Amino acid sequence: MKTGRFSSVGSVTRVAVAATLLLACMGNASAGLFDDEEARKAILDLRQKVQTTEQKLAEETRRASEESAQLQRSLLELQNQLDATRAEMAKLRGQDEQMVREVADLQRQQKDAVQNVDERLRRFEPSRLTVDGKEFLAEPSEKRDYDAAMATFRKGEFAAAQVVFVDFLNRYPKTGFRPSALFWLGNAQYATKDYKDALASFRALVALGSDHMRVPEAILAIANCQLELKDTKGARKTLDELVANYPSSEAAQAAKDRLARLR
């Protein structure tokens with residue numbers, strides 16, 4: 001639309017210039033060519049038309065200038081609004097990113113707190129264990145004390161191991177560790193040549209149940225204690241029972257070898 005308006009203004013300008021030149025020429029020749037009233041009237045009419053055209057041209061120019069200024073103001077205002085919108089979006093984006101980081105931090109802190117609570121609870125809650133083929137629940141203190149007794153035994157401190165195993169069995173009379181604790185107590189007593197007490201410990205293990213995996217070894221240990229106590233007859237009977245009741249065990253094979261030497 002602007003292009004059309006300025007084209008029209010240009011056309012009008014050219015017409016005005018041409019008319020002015022024509023008037024000048026006519027002015028010079030008016031004395032000779034138009035002496036009558038009709039010629040003067042024609043010139044006046046032409047001048048009036050030129051003035052009218054110039055006025056219209058000025059009005060169009062003013063209007064075009066005002067519209068151009070208004071358009072520039074509108075464009076500037078729109079640009080300012082766009083800049084403000086971009087700045088606001090950048091601010092909101094930054095706030096969102098900060099919020100995401102804060103939420104992630106809170107989630108991580110919550111997870112760490114839950115894990116810490118779980119770990120603390122596990123320190124006091126019973127845990128399910130499997131020792132020597134037997135599965136059972138044990139308090140944390142039971143496992144800690146049993147492991148301490150086994151550590152003493154493994155270091156070869158058999159006299160001290162007897163003390164800690166006896167103390168363990170007294171403090172936890174119903175513990176699931178009892179069969180294993182009796183087995184290692186008997187071995188510690190045997191190692192210190194306390195054969196009578198070792199015999200009692202192995203028999204106590206056997207009495208707890210014949211299905212425990214340490215029972216065949218305990219029966220073989222009973223026979224060894226009997227031999228150390230010079231009870232050969234009792235040892236033969238014990239070895240025969242071992243072979244009869246647990247024929248496929250490694251302890252039964254060892255019992256056969258000892259029976260062959262005793263006969």
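Me: What span does helix H7 reach from its first C-alpha to its last, and what is expected at 1.5 Å a residue?

Reply: This is a predicted model, and in it H7 covers residues 215-228, 14 residues in all. Its end-to-end C-alpha distance is 20 Å, close to the 20 Å expected. The expected value is 1.5 Å times one less than the number of residues.

Me: What makes H7 mostly covered?

Reply: Buried means under 20% relative accessible area, and 11 of the 14 residues in H7 are buried. Among them are Val215, Ile219, Leu220, Ile222 and Cys225. Asn224 and Gln226 are buried too.

Me: Which helices do the buried residues of H7 pack against?

Reply: They pack against H5, H6, helix H8 (232-245) and helix H9 (250-262). After H7 comes lysine 230, with a positive phi near 65 degrees.

Me: Why does serine 249 count as buried?

Reply: Its relative accessibility is 17%, and the cut-off for buried is under 20%, so serine 249 counts as buried. This serine sits in the loop between H8 and H9.

Me: What does the side chain of serine 249 reach at 3.1 Å?

Reply: That would be the backbone nitrogen of alanine 252. A polar atom of the serine 249 side chain also lies 2.8 Å from the backbone oxygen of tyrosine 246. The limit for a polar contact is 3.5 Å.

Me: Now the rings. Why is the pair of phenylalanine 183 and phenylalanine 202 called edge-to-face?

Reply: Two numbers settle it. The ring centres are 6.1 Å apart, and pairing needs them within 6.5 Å. The planes stand at 65 degrees, and over 60 counts as edge-to-face, so the pair gets that name.

Me: Where in the chain are the two partners, phenylalanine 183 and phenylalanine 202?

Reply: Phenylalanine 183 is in helix H5 (residues 178-191) and phenylalanine 202 in helix H6 (residues 195-208), 19 residues apart, and the pair links distant parts of the chain. Both phenylalanine 183 and phenylalanine 202 are buried.

Me: How many aromatic pairs does the structure hold?

Reply: There are 11. One of them joins phenylalanine 168 and phenylalanine 177, with 6.1 Å between centres and 75 degrees between planes, another edge-to-face case.

Key:
Residues are numbered from 1 along each chain as its sequence is written. This is a predicted model: local features need pLDDT of at least 70, side-chain atom pairs count only at pLDDT 80 or more; totals for chains, interfaces and linings use all residues. Side-chain values use heavy atoms; hydrogens and water are left out. Rings of Phe, Tyr and Trp (its six-membered ring) pair if their centres lie within 6.5 Å; planes under 30 degrees apart count as stacked, over 60 as edge-to-face and the rest as tilted. Helices (H or I, at least four residues) and strands (E, at least two) are DSSP runs, numbered from the N terminus. Buried means under 20% relative accessible area, exposed over 50%, partly exposed in between (1.4 Å probe, protein chains only). Contact means heavy atoms within 4.5 Å. A polar contact is a pair of N or O atoms within 3.5 Å; within protein, one must be able to donate a hydrogen and the other to accept it, and residues adjacent in sequence count only if both atoms are side-chain atoms.
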